[in-house]
Amino acid sequence: MAAAVSALGGLGDVGDGGSSASEDEAQPSAAAAAAAQKREERLRKFRELHLKRNEARKLNHQEVVEEDKRLKLPPNWEAKKARLEWELKVEEKKKECAARGEDYERVKLLEISAEDAERWERKKKRKNPDLGFSDYAAAQLRQYQRLTRQIKPDLEQYEKLKEQYGEALYPTSDSLLHGTHVPDKEGIDRMVADLEKQIEKREKYSRRRPYNDDADIDYINERNAKFNKKAERFYGKYTAEIKQNLERGTAV
């Protein structure tokens, strides 16, 4: 009887040992599965990053190509492009109005607001406005436009010169014009009057103060002289007595 019980106990021990062994084998397999899952997750993220890098590289290359194209275009290409697009729209609008039997100018005026119309009218009235000095090239262009507007062609004189000189009136690269043209008295008077107007206008723009040789020298440079004049203009009446005492040597 005792032998049977001991045998059963031995079988129970064997059963307990088998279950613990199976648990020990299951733990490493679960850890390996978790590690494999993490590896797959990392590989997936790596592939996504790789695809994003390739996409960014492709987009950067496209931007570089587009920028190179823009740099090779003329500097005013955007303005020209906008102008051409506007002209195409105008042509399409004209065709649509012609197909409907409507006047394009009338349709265009109906689409313009009152504010835009007033702004355009003011802009038309301002011919060659003085926007202030920007550079010498702009000032020279403005002066040239002003002088050319004053020119009034004399068609009768032109016809006389054409009959007199013939083809020689139109110079070429081989023409020698120095000393051959003698201006008339009216042209000389017109030039003198214009020069006098320019001198008068220039004198109004730049009034140089006369220099007084007998004035006291209380400055070290031109900038300091202007500052002293401003100080004298605003505070001279308050400091006149102090200044006189310092010059006399009687200041306390």
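Lys185 and Asp189 both lie in helix α7, four residues apart, which is about one turn of the helix; helices are DSSP runs of H or I with at least four residues, strands are runs of E with at least two, and both are numbered from the N terminus. Their side chains meet in a salt bridge at 3.0 Å, N to O, where a salt bridge is a side-chain nitrogen of Lys or Arg within 4 Å of a carboxyl oxygen of Asp or Glu. Lys185 is exposed at 63% relative accessibility, whereas Asp189 is partly exposed at 38% (buried is under 20% relative accessible area, exposed over 50%, partly exposed in between; 1.4 Å probe, protein chains only).

The model is predicted: local features need pLDDT of at least 70 and side-chain atom pairs count only at pLDDT 80 or more, while totals for chains, interfaces and linings use all residues. Residues are numbered from 1 along each chain as its sequence is written, and side-chain values use heavy atoms, with hydrogens and water left out.

The chain has eight helices and zero strands. Of its 252 residues, 4% are buried. Among contacts (heavy atoms within 4.5 Å) with a separation of 6 or more, 20% join residues 24 or more positions apart.

The whole structure holds ten salt bridges. Glu105 is partly exposed at 41%, and Lys108 is partly exposed at 32%.

Which side chain meets Arg146 in a salt bridge? The partner is Asp194, at 3.6 Å from N to O. Asp194 lies in helix α7 (residues 185-205) and Arg146 in helix α5 (residues 136-150), so the pair ties together parts that are 48 residues apart in sequence. Asp194 is buried, with a relative accessible area of 14%, and Arg146 is partly exposed at 23%. Elsewhere, Glu41, Arg44 and Glu48 are linked in a network of salt bridges.

Charge also gathers on the surface. Asp154, Glu156, Asp184 and Glu186 form a patch of negative charge; patches of like charge take residues with over 30% relative accessible area and no salt bridge, joined within 9 Å. Glu156 is in helix α6 (residues 155-165) and is exposed at 61%. A patch of positive charge consists of Lys226, Lys229, Lys230 and Arg233.

Methods:
Patch = residues over 30% accessible without salt bridge, like charges linked within 9 Å, V, L, I, M, F, W, Y side chains within 5 Å. Areas by Shrake-Rupley, 256 points an atom, 1.4 Å probe, with all protein chains shown as cover. Lys, Arg positive; Asp, Glu negative; His and termini not counted. Charge placed at Lys NZ, Arg CZ, Asp CG, Glu CD.
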